[in-house]
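Hi there,

Here is the structure I promised to pass on.

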Amino acid sequence: MSEARIIYRKYGGSLHWHQHARVLGEDEHGVWTGCPAGTVGRRGSEPPVVWPDPFVMLFPRNAWWTATFNARPNRCAIYCDVTTVPVRGDGRITMADLDLDVLRMRDGRLILDDEDEFAVHQVRYGYPEEIVRQAERSAAWLMEAVGARTGPFGGAHDRWLSQVT
């Protein structure tokens, strides 16, 4: 299995969250990467963070989001970032984080997060209107799909997560 550097940037280009992950494979939903417990990541140049629980990440083809599926006991089962379309190349997967997040907690709660940050960053980073519309469409689609457990949110991650737990 190969390794990829996962790089989220802010729309203005500044480095956001980044880490290394194993490329586990691809299916109809996209590219899956895995991170065992103890994976180290960083936000920008801040001190490293060690994630105690294993997780897998899905990078879909031609969609404006990414998804992280966390192993138990993490309280957040699924964490989706609304992003630009992920791009693969040169051992990297890169995208711009567009602030909005959709979370499904273990207790079943569905949360649309960071709407305030999205509003502030539209001004700070000068999001073009099409970026704003696409981010809003993606967040709405994710709320529906994650909530209904359809597509990759209905258990497709289980076989991939078993490779890192």
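Below are my notes on the aromatic rings and on one threonine. Keep in mind as you read that this is a predicted model.

Let's start with the rings. A pair of aromatic rings is described by the distance of the centres and the angle of the planes. Counting ring pairs with centres within 6.5 Å gives 11 aromatic pairs.

One of them joins F118 and Y127: the centres are 6.0 Å apart and the planes sit at 45 degrees, so this pair is tilted. Both F118 and Y127 are buried. Y127 also pairs with Y125, and here the centres are 6.4 Å apart with the planes at 15 degrees, so the two rings are stacked. Anything under 20% relative accessible area counts as buried. That is why Y127, at 7%, is called buried, while Y125 comes out as partly exposed with 23%.

There is also a cluster to look for: ring pairs connect W32, W65, F69, W141, F153 and W160.

Now for the threonine. T33 belongs to strand β3, which covers residues 30–35. Its relative accessible area is 0%, so T33 is buried. What is T33 in contact with, leaving aside its neighbours within four places in sequence? The list is I6, A21, R22, V23, L24, F55, V56, M57, F59 and I93.

Happy to go through any of this with you.

Cheers

Conventions
Residues are numbered from 1 along each chain as its sequence is written. This is a predicted model: local features need pLDDT of at least 70, side-chain atom pairs count only at pLDDT 80 or more; totals for chains, interfaces and linings use all residues. Side-chain values use heavy atoms; hydrogens and water are left out. Rings of Phe, Tyr and Trp (its six-membered ring) pair if their centres lie within 6.5 Å; planes under 30 degrees apart count as stacked, over 60 as edge-to-face and the rest as tilted. Buried means under 20% relative accessible area, exposed over 50%, partly exposed in between (1.4 Å probe, protein chains only). Helices (H or I, at least four residues) and strands (E, at least two) are DSSP runs, numbered from the N terminus. Contact means heavy atoms within 4.5 Å.
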